[in-house]
Structure formats: C-alpha cells, structure tokens
Amino acid sequence: MSMRVSIVGMGRTGTRAAQRLLAAEPDIALTLYDIEPGRCEDFRGSATLATSAREALEESDTIVLALPREREIDRTLERFSDGNVTAPVAGKLIVDLEPPCAERARSLDQAIVAAGGRYTCAPLRAAPEARD
C-alpha cells in the first residue's frame with residue numbers, strides 16, 4: 001500500500017514539498033489543496049486535487065500544512081474560538097512546514113492531540129544551491 005499524504009497550501013513551500021515527495025516516492029497517493037485551485041494544476045495527473053481542505057484531510061493519514069498564517073491553519077483544522085480542533089484528524093499525523101511561534105505551536109499540538117491526532121513542526125528549508 002502506498003503512502004497517503006495530503007498537502008494543504010500550495011504556495012512556494014507546499015509546491016516544493018509536493019515536488020520532493022513525488023521525486024522521492026513516485027507511487028505516493030498525494031492529495032493537494034489550495035484556496036486558489038490554479039496553484040495545484042501543475043500536479044494534475046500526479047496527484048488528486050481536492051476541492052476543500054476537509055476533503056484533503058479525509059483523504060490521507062499524513063497531512064502536511066504549508067500555510068503561512070495561523071488563521072489559515074485554524075480554518076483548515078476547523079479550530080474556532082474555543083481552541084478545539086473539529087476537523088477529522090483522529091489517527092492522523094499533522095506536519096506543519098510553516099509553524100507559528102513556539103507558544104502557539106504548543107497550543108495547537110494540545111488541540112490536535114485532544115482531537116486524536118499527532119502534530120509536529122518540520123519547517124522546510126531551502127536546498128543549499130537555492131540559498132546561493
């Protein structure tokens with residue numbers, strides 16, 4: 001069975017993550033979502049293009065968040081004023097490529113764990129040749 005991974009947020013970070021995953025694991029079951037659907041088009045045929053963040057969350061066991069603002073993370077995880085995550089994250093690993101500050105990341109971790117998921121921060125660094 002191939003890995004099932006969804007990436008939410010297809011700006012520069014999400015696009016690089018998708019490219020790297022497809023290069024490393026061509027048989028991966030990759031699902032992509034962005035609020036601007038056109039950002040996912042380059043991956044049509046290589047990945048499933050979700051029509052909502054919820055669909056992307058439901059499709060995979062590992063969810064990669066490549067979202068630049070905490071507000072977008074909260075919307076994706078359906079985390080509202082009470083701080084609880086109501087999106088379907090039970091049994092899933094949430095990997096945050098652009099995590100908020102440490103205090104807010106701890107709060108997000110606690111909310112995801114309370115919803116039955118796991119959370120980790122793994123900022124995507126540029127390749128050495130890209131920094132030169």
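Analyst: A residue counts as buried under 20% relative accessible area, exposed over 50%, and partly exposed in between. Also keep in mind that this is a predicted model.

User: OK, so is Glu-58 buried, exposed or partly exposed?
Analyst: Glu-58 has a relative accessible area of 45%, so it is partly exposed.

User: And which residue does Glu-58 meet in a salt bridge?
Analyst: That would be Arg-54, with 3.4 Å from N to O. Arg-54 is partly exposed too, because its relative accessibility is 34%.

User: Where do Glu-58 and Arg-54 lie?
Analyst: Both are in helix α2, which covers residues 53–59. They are 4 residues apart, or about one turn of the helix.

User: How many salt bridges are there in total?
Analyst: The count comes to 9. Another one pairs Glu-72 with Arg-69, at 2.9 Å from N to O. Arg-69 has 44% relative accessibility, so that residue is partly exposed.

User: Which residues are linked in a network of salt bridges?
Analyst: Asp-34, Glu-36 and Arg-39 are linked that way. Within that group, the side chains of Arg-39 and Asp-34 meet at 3.6 Å, N to O.

User: Switching topic: I clicked on Met-10. Where does it lie?
Analyst: Met-10 is in the loop between β1 (4–8) and α1 (12–24). It counts as buried because its relative accessible area is 2%.

User: What is Met-10 in contact with?
Analyst: Leaving aside neighbours within four places in sequence, the contacts of Met-10 include Thr-15, Ala-18, Leu-32, Tyr-33 and Phe-43.

User: How about Pro-37, what separates it from Met-10?
Analyst: Their C-alpha atoms are separated by 8.9 Å, while the two residues are 27 apart along the chain.

User: Let's zoom out. How many helices and strands does the protein have?
Analyst: There are 5 helices and 6 strands. Along the sequence they follow the pattern β-α-β-β-α-β-α-β-α-β-α.

User: What does the radius of gyration say about the protein?
Analyst: The protein has 14 Å, and a compact globule with 132 residues would be near 14 Å, so the two agree. The C-alpha atoms fill a box of roughly 40 × 35 × 30 Å along the principal axes.

User: How much of the protein counts as buried?
Analyst: Of its 132 residues, 42% count as buried. The protein exposes about 7,500 Å², and carbon and sulfur atoms supply 48% of that.

User: And how many contacts join residues at least 24 apart?
Analyst: Taking contacts between residues at least 6 apart in sequence, 65% of them join residues at least 24 apart.

User: Last one: what pLDDT does the protein average?
Analyst: It averages 91, and 92% of the residues score at least 70.

User: Which element has the lowest mean pLDDT?
Analyst: Helix α5 (residues 128–131), with a mean of 46. Strand β3 (residues 48–49) has the highest, at 98. Over residues 128–132 the pLDDT is below 50, and that stretch has 1 contact in the model beyond near neighbours in sequence.

Key: Residues numbered from 1 in each chain as written. Predicted model: local features only at pLDDT ≥ 70, side-chain atom pairs only at ≥ 80, totals over all residues. Heavy atoms only, no water. Salt bridge = Lys/Arg side-chain N within 4 Å of Asp/Glu carboxyl O. Helix = DSSP H or I, 4+ residues; strand = E, 2+ residues; numbered from the N terminus. Buried < 20%, exposed > 50% of the residue type's maximum accessible area, 1.4 Å probe, protein only. pLDDT = per-residue confidence, 0-100. Contact = heavy atoms within 4.5 Å. Rg over C-alpha atoms; globule rule 2.2 N^0.38 Å. Areas by Shrake-Rupley, 256 points an atom, 1.4 Å probe, with all protein chains shown as cover.
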